[in-house]
Amino acid sequence: MDLTPLVRRRFVKQAERVDSWVSSADEVQHRLLLDLVGMAKNTEIGRRYDYASIRNYNDFSRRVPVVEYEDIRSEVMRMVGGEADVLWRGVCRNFAQSSGTSGGKSKFIPITADSLRMNHYPGASDSVAGYMRLVPNSRIFSGKGLILGGSFANELGLDNRRVKVGDLSANLIDRINPIVNLMRVPSKRIALMADWEKKLPALIGASIGQNITNISGVPSWFLTLLRGVMRKAHVDRISDVWPNLEVFFHGGISFEPYRDEYRRITDPGKMRFIETYNASEGFFAAQNTFDDQAMLMLLDRGVFFEFAPMTGTGEWGEPMPIWDIEEKKTYALIISGCNGLWRYSIGDTLRVESLYPLKIRIAGRTKSFINAFGEELMEHNADAAIASACRTHGASIGNYTAAPVYTTDTSRGRHQWLIEWHEAPADIAQFAQTLDCELQRLNSDYQAKRAGNIFLDGLSITTARQGLFDDWLLTVGSGKLGGQRKVPRLSNNRDIIDSMLRLNV
């Protein structure tokens, strides 16, 4: 039975509320800020900065400092230990473990009851609502959704069974409304399995015979699952297994290096792709048009946004609210939300594509770049360039990372790319030349440093053995697979790439 006609009106009405943000976005965000500080006024942080007397944004920004995770680690660990009213009201029972590859330690992001109610679940619903508004003939609820989740494996070894620490997706699946479970696969038991050697075949077995209409997850991880399903079904396209598959809600990493491969294995007349900005710290944005891949910021879902202008690679200036930002500028994102993160830098950079409504693209990470030679190469440049090179050479990638090779007395510096291929190009040297030319086309600073091979040599490519990135995550990185676990695309030093190369045997 197709339930889509029964729920379409409610979802479309939900999606239509954003139309008013063209004229009222500033008011929506300011009102939300005052609501948040009001809810937290009796917490430890609320008393510390006198939230009860905050009347406007200026009061808030003058009193509350901008923080990164290490600044609040001790308070979060007290919350993990069961202490109430620290950064947010009440006791928090759920925490998302983030790999923390940029900072070297795992992070534990609070997932409060209020953040589930006000942000995470409504944000996911908003992405579906926006899609249904775009596609009047959708039959998304005629079948089931396939969600690729993580697990509750973590490094804390907690004795308190009431506290759950693991991937964001594991926490969301664990707390989801039982009615929603009727519309998705796999079962909770399979979805929360920690051992991926057992989980992957279980996921394939649980999904291959289902009527899957929509999938949700990280593109790189999902491609591994889909390839496994296709191998078992002896087909070349996933649409031959699931003929009613119509949409992929994707996020976590850039989709560009994987877009062509997904188009190849799905029905081009039916399949659509919706990007979402669903981080451990909150559900922030979702694509709401097919004309471009910019995402609409969700202004009324329990998160107040600030934007710190990028003043140099990895550096940013004084944060500002949405009513002071400019189009086509890149900012570091600062959030304050119903999970108790106050003026918290999440480490992402965003490019503002439009103001009313506020639409953005993820530009990269504040610490994911290469600027060893003044080239200021950012993650979005790298993603776009490698996607173009793959199209030119008929290749596809599983994963990549890149880092500088420093200048010596006898050689110029260059960039080294470590790539794990799904389909390797016929000539890797030619692929490297194409990639280098694309980077020059996309980034004028890189182009200037490459001019005449005077300051910077052409990049080199090292092929990673199959499974290298997974092995690094298990042994050197986060110690876990799945979910949001990923290797940083770009690094300004060789720590990560050298540790991976030692495993590339």
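Guide: Contact means heavy atoms within 4.5 Å. Helices (H or I, at least four residues) and strands (E, at least two) are DSSP runs, numbered from the N terminus. The model is predicted, so local features need pLDDT of at least 70 and side-chain atom pairs count only at pLDDT 80 or more, whereas totals for chains, interfaces and linings use all residues. Residues are numbered from 1 along each chain as its sequence is written, and side-chain values use heavy atoms, with hydrogens and water left out.

Visitor: Good. Which residues of α12 and α13 meet?

Guide: From α12, Glu 256, Pro 257 and Asp 260 take part; from α13, Asp 383, Ile 386, Ala 387 and Arg 391. By class, that contact has 3 nonpolar, no polar and 4 charged residues. Ala, Val, Leu, Ile, Met, Phe, Trp, Tyr, Cys and Pro count as nonpolar, Asp, Glu, Lys and Arg as charged, and the others, Gly among them, as polar.

Visitor: At what angle do α12 and α13 pack?

Guide: The angle between α12 (residues 256–265) and α13 is about 35°, and their axes are 7 Å apart. Axes are lines fitted to C-alpha atoms, for helices over the stretch in contact, and angles run from 0 to 180 degrees between N-to-C directions.

Visitor: Is Asp 383 buried or exposed?

Guide: Asp 383 counts as buried because its relative accessibility is 5%; buried means under 20% relative accessible area, exposed over 50%, and partly exposed in between (1.4 Å probe, protein chains only). Asp 383 belongs to helix α13, residues 379–393.

Visitor: What does Asp 383 touch beyond its sequence neighbours?

Guide: Leaving aside neighbours within four places in sequence, Asp 383 is in contact with Ser 254, Glu 256, Pro 257, Tyr 400 and Arg 489.

Visitor: Changing topic: in what order do the strands of the open sheet with β1 come?

Guide: The order is β2-β1-β4, with mixed pairing in this sheet of 3 strands. Two strands pair if DSSP finds at least two bridges between them. The edge strands, β2 (107–111) and β4 (164–166), each pair on one side only. Neighbouring strands of this sheet are turned by 25° against each other on average, direction ignored.

Visitor: Which helix packs on that sheet?

Guide: Helix α5, residues 69–80, packs there and touches β1 and β2; its direction makes about 60° with that of β2. As for the strands themselves, β1 (residues 94–98) pairs with β2 in the antiparallel sense over 5 bridges, and Ala 96 stands opposite Ile 109 in β2.

Visitor: What does Ser 280 touch?

Guide: Not counting residues up to four places away in sequence, Ser 280 touches Ala 96, Ile 109, His 120 and Leu 168. Ser 280 lies in the loop between β8 and β9 (282–287), and is buried, with a relative accessible area of 11%.

Visitor: And β7: which of its residues are buried on each side?

Guide: Val 247 and Phe 249 are buried on one side, and Phe 248 and His 250 on the other, so that both faces of β7 are covered. β6 and β7 run parallel and are joined by 4 bridges; Asn 214 stands opposite Val 247.

Visitor: What volume has the second largest pocket?

Guide: Its volume is about 1300 Å³. On a 1 Å grid over the protein atoms alone, a pocket is an open set of points with protein on both sides within 12 Å along at least five of seven lines, and lining residues have an atom within 4 Å of a point. Grid points are joined across faces, edges and corners, and the volume is the space filled by probe spheres set on the points.

Visitor: Which residues are closest to the centre of the second largest pocket?

Guide: Of the 45 residues lining the second largest pocket, those are Ala 124, Val 128, Ile 147, Ile 176 and Val 180. α6 gives the most to the lining, with 7 residues. By class, the lining has 23 nonpolar, 18 polar and 4 charged residues.

Visitor: Finally, where is Pro 357?

Guide: Pro 357 is in the loop between β14 (344–354) and β15 (359–365). A cis peptide bond joins Tyr 356 to Pro 357, with omega about 5°.

Notes: On a 1 Å grid over the protein atoms alone, a cavity is a set of points where a 1.4 Å probe fits but cannot get out, and a pocket is an open set with protein on both sides within 12 Å along at least five of seven lines; lining residues have an atom within 4 Å of a point.
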